[in-house]
Amino acid sequence: MNQQTSATASPSPAIWLDRVSYRANHTDIIKNVSGHFPTGNITALIGPSGAGKTTLLKLCNGLISPKQGGIYIEGERIEEQSPLSVRRHVGIVMQSSPMVQGTVQDNLALPLQLRGKTLSKAEAIATLERVGLPTSLLTRDARELSGGQKQKVSIARTLLNDSKILLLDEITASLDPSSLQEIEDLIVKLKETEKITIVWITHNLEQAKRLGGYFWVMVDGELREMGTKEDINATEDEDVKRFVRGVYS
């Protein structure tokens with residue numbers, strides 16, 4: 001694979017990683033990864049289980065720090081930004097979509113509370129509408145929501161931080177087909193109408209093909225292939241070929 005390793009790797013990289021490695025519990029989890037996520041695109045981050053994909057998202061969000069190498073958010077090294085600024089700009093939504101005790105409005109208010117602000121009812125209503133949820137849910141116990149509704153609330157909380165980059169970790173893995181389609185439609189809308197950059201971990205190769213305009217394939221902590229669908233299909237890496245053909249997951 002021709003890994004691009006300079007700040008000019010993309011005309012406008014949202015996130016650029018330069019020889020990034022991460023080690024935990026005496027195990028190399030991310031191994032010398034260099035590459036970029038293009039701005040305004042949906043990048044499908046795919047690869048077998050245990051490839052390091054979730055760890056990579058946590059590095060890009062500043063939840064953990066690399067042991068080696070540099071991570072740049074829109075050209076600025078992540079260490080030169082405050083953790084709060086990074087996590088506001090680069091939002092992350094996980095598969096579990098945890099809800100705190102209280103109403104949907106209470107959950108929506110969390111990002112603003114962390115900044116010493118309050119969420120008005122009008123803002124809460126507008127945010128629910130933004131993610132396609134009825135405003136009648138505002139007073140519902142958040143823990144009683146369906147899986148798809150919880151994911152939308154999680155996305156809405158992240159959007160209240162004015163995030164320009166969204167990192168999504170298997171957010172539709174446990175959803176029914178109807179809820180999955182609603183989430184996919186929402187993410188495409190955010191990308192197209194709000195110009196939000198998306199990096200989406202998925203084990204669903206059909207989903208990756210439907211939504212991905214750009215692809216990263218990780219195997220054993222390494223970035224083995226990066227590029228368009230055509231680049232991935234033309235790979236000479238045998239592990240990438242096996243994964244794309246569904247031989248292992």
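Student: Which residue forms a salt bridge with E238?
Tutor: This is a predicted model, and the pair is read from its side chains. A salt bridge needs a side-chain nitrogen of Lys or Arg within 4 Å of a carboxyl oxygen of Asp or Glu. For E238 the closest N and O atoms of the pair are 3.5 Å apart, and the partner is K241.

Student: How many residues apart are E238 and K241 in helix α9?
Tutor: Helix α9 covers residues 238-244 and holds both residues. About one helical turn separates them, because their spacing in the helix is three residues.

Student: Is K241 buried or partly exposed?
Tutor: Buried means under 20% relative accessible area, and exposed means over 50%. K241 has a relative accessibility of 23%, so K241 counts as partly exposed.

Student: How far apart in sequence are the parts tied together by K31 and D220?
Tutor: The side chains of K31 and D220 meet in a salt bridge of 3.1 Å, N to O. K31 lies in strand β2 (residues 27-38), while D220 is in the loop between β9 and β10. The pair therefore ties together parts whose separation in sequence is 189 residues.

Student: What is the order of the strands in the open sheet?
Tutor: The sheet has six strands, and its pairing is mixed. Its edge strands, each pairing on one side only, are β6 (90-93) and β10 (222-227). Read across the sheet, the order is β6-β7-β8-β3-β9-β10.

Student: Which residue of β8 is the bridge partner of I165?
Tutor: Strands β7 (residues 165-169) and β8 (residues 197-201) run parallel. Five bridges join β7 to β8. In β8, the partner of I165 is T197.

Student: At about what angle to β7 does helix α1 run?
Tutor: Helix α1 (residues 53-60) lies across β3, β6, β7, β8 and β9. Relative to β7, the helix runs at about 155°.

Student: Why is α1 largely enclosed by the rest of the structure?
Tutor: Being buried requires under 20% relative accessible area. In α1, the buried residues are K53, T55, L56, L57, L59 and C60. The helix is largely enclosed because, of its eight residues, the number buried is six.

Technical notes: Residues are numbered from 1 along each chain as its sequence is written. This is a predicted model: local features need pLDDT of at least 70, side-chain atom pairs count only at pLDDT 80 or more; totals for chains, interfaces and linings use all residues. Side-chain values use heavy atoms; hydrogens and water are left out. Two strands pair if DSSP finds at least two bridges between them. Helices (H or I, at least four residues) and strands (E, at least two) are DSSP runs, numbered from the N terminus. Contact means heavy atoms within 4.5 Å. Axes are lines fitted to C-alpha atoms, for helices over the stretch in contact, and angles run from 0 to 180 degrees between N-to-C directions. Buried means under 20% relative accessible area, exposed over 50%, partly exposed in between (1.4 Å probe, protein chains only).
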